[in-house]
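Here is a brisk report on helix packing and a ligand site. Read it alongside the sequence and coordinates.

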Amino acid sequence: MSAAQGVLDRLVTGDRTALARAITWAESADPRFRAVLTGANERVGRGWRVGITGPPGAGKSTLTNELISAHRAAERSVGVLAVDPSSPFTGGALLGDRIRMDGRTSDEGVFIRSMASRGSHGGIARATVDAVDAMDAFGLEELLIETVGVGQAEYDVVGAADTVLVVLCPGAGDGVQALKSGILEVADVLCVNKADLSGAERLAADLEEAVSLRDVEPHGGWVTPVVSCSAGTSEGIEDVLAALSLHRTWLEDGRLEAHREARRLAQVHRALAEAVDRELWEAFGWRERAVRLLADGAAHYDVVADLIEELRVQTRTAAGGGASER
Ligand SMILES: Nc1nc2c(ncn2[C@@H]2O[C@H](COP(=O)(O)OP(=O)(O)OP(=O)(O)O)[C@@H](O)[C@H]2O)c(=O)[nH]1
Ligand SMILES: [Mg+2]
């Protein structure tokens, strides 16, 4: 029996070490992950995925912890994937996260994993979705993906979720910054955390206003609710849960299939981009070609143009057309 088959067999019977192994394979783009996921494919799609993002220190982990408690109280199992930011400066906070969350490891209904973000070409997004797929196949019901930040990479990560929860908090111009960064566009639910601090009401009002001005068309008519809570003191968590559940109900009212189809397409696109890149860069010898062109003094855009042109020529030749006829 292959290693992948063994992990698959154990994964579907609720073996946590098998899940951990599968996620490690997902993280390192190990080909064995594919075998596991292919075998478990029909088990994927039963869990509900919530992507949690927002600026550093907004309280995402604290809120995640509260959500875990609430789900556990309702006897729902929870999988959490915390995607580490690539910046080493936040290392301390992450360590803190791990310590806070590690208290959960004795609970069989909770599985927490943190994952190092790395590389480009959508590598983080691909690995994250793969890992969440593994948790889903394992049978965890509530899947929470926490990622720090407000940029494109984070959108890619949380964009794979069914519901995107954006967590903000008062202070340091976060509201304005968030509005500028376009975070509103990806938010299905906006949460103002640290409602115990001054400025929270103002931030919530600003967000309400921004939402009311937003074009709901691209969101299929969904109007993003703004909720406030104080994760630090466990206040208002039920409002956050209610808003999340409202979005779930809305999606499940005939919109979920299209939503997930778009998500799967993005997944294919990302995995393909990574595979094509790997194929061309190494197997196709593009790396050497790029090294040569650079050594000849070519600017990097010219190297890219040269390689793309080479690809076009090759594709035409392979198709038995254009290049040879001319
Ligand atoms: N006053 C107040 N502080 C809070 C609240 N929620 C969280 N905090 C504090 O805010 C700080 C950051 O909380 P985290 O949950 O680590 O925030 P985070 O968004 O996960 O941070 P990163 O993962 O580092 O981006 C911690 O010191 C928390 O104790 C709250 O409701 N009120
Ligand atoms: Mg955190």
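In which hand does helix 1 pass helix 3: left-handed or right-handed? Helix 1 passes helix 3 in a right-handed crossing.

## Basis

This is a predicted model, in which local features need pLDDT of at least 70, side-chain atom pairs count only at pLDDT 80 or more, and totals for chains, interfaces and linings use all residues. Residues are numbered from 1 along each chain as its sequence is written, chains are lettered from A and ligands numbered from 1 in the order in which they are written, and side-chain values use heavy atoms, with hydrogens and water left out.

## Helix packing

Two packed helices are described by the angle between their axes and the distance between the axes. Axes are lines fitted to C-alpha atoms, for helices over the stretch in contact; angles run from 0 to 180 degrees between N-to-C directions.

Helix 1 and helix 3 (residues 31-40) pack at about 40 degrees, axes 9 Å apart. They are therefore oblique to each other (under 35 degrees is roughly parallel, over 145 roughly antiparallel, 65 to 115 roughly perpendicular, the rest oblique). Helix 1 (residues 3-11) and helix 2 (residues 16-27) have axes that come within 8 Å and cross at roughly 130 degrees. That pair is therefore oblique too. Its crossing is left-handed (near helix turned anticlockwise from the far one by less than a right angle; clockwise is right-handed).

Helix 2 also packs with helix 6 (residues 123-138): their axes come within 8 Å and cross at roughly 160 degrees. These two are therefore roughly antiparallel. Their crossing is right-handed.

## Ligand 1

The shell around ligand 1 holds 19 residues (a heavy atom within 4 Å). Gly59, Lys60, Ser61, Thr62 and Asp196 come nearest. Helix 4 (60-73), helix 5 (91-102) and strand 4 (142-148) each supply at least two shell residues.

Polar contacts are N or O pairs within 3.5 Å. A backbone N or O atom of Ser61 lies 2.8 Å from a ligand 1 oxygen. For Gly232, a backbone N or O atom lies 3.0 Å from an oxygen of ligand 1. Lys194 uses a polar side-chain atom, 3.0 Å from a ligand 1 oxygen. Taken alone, ligand 1 exposes 650 Å², and the protein buries 75% of that (Shrake-Rupley, 1.4 Å probe).

Terms used
A polar contact is a pair of N or O atoms within 3.5 Å; within protein, one must be able to donate a hydrogen and the other to accept it, and residues adjacent in sequence count only if both atoms are side-chain atoms. Helices (H or I, at least four residues) and strands (E, at least two) are DSSP runs, numbered from the N terminus.
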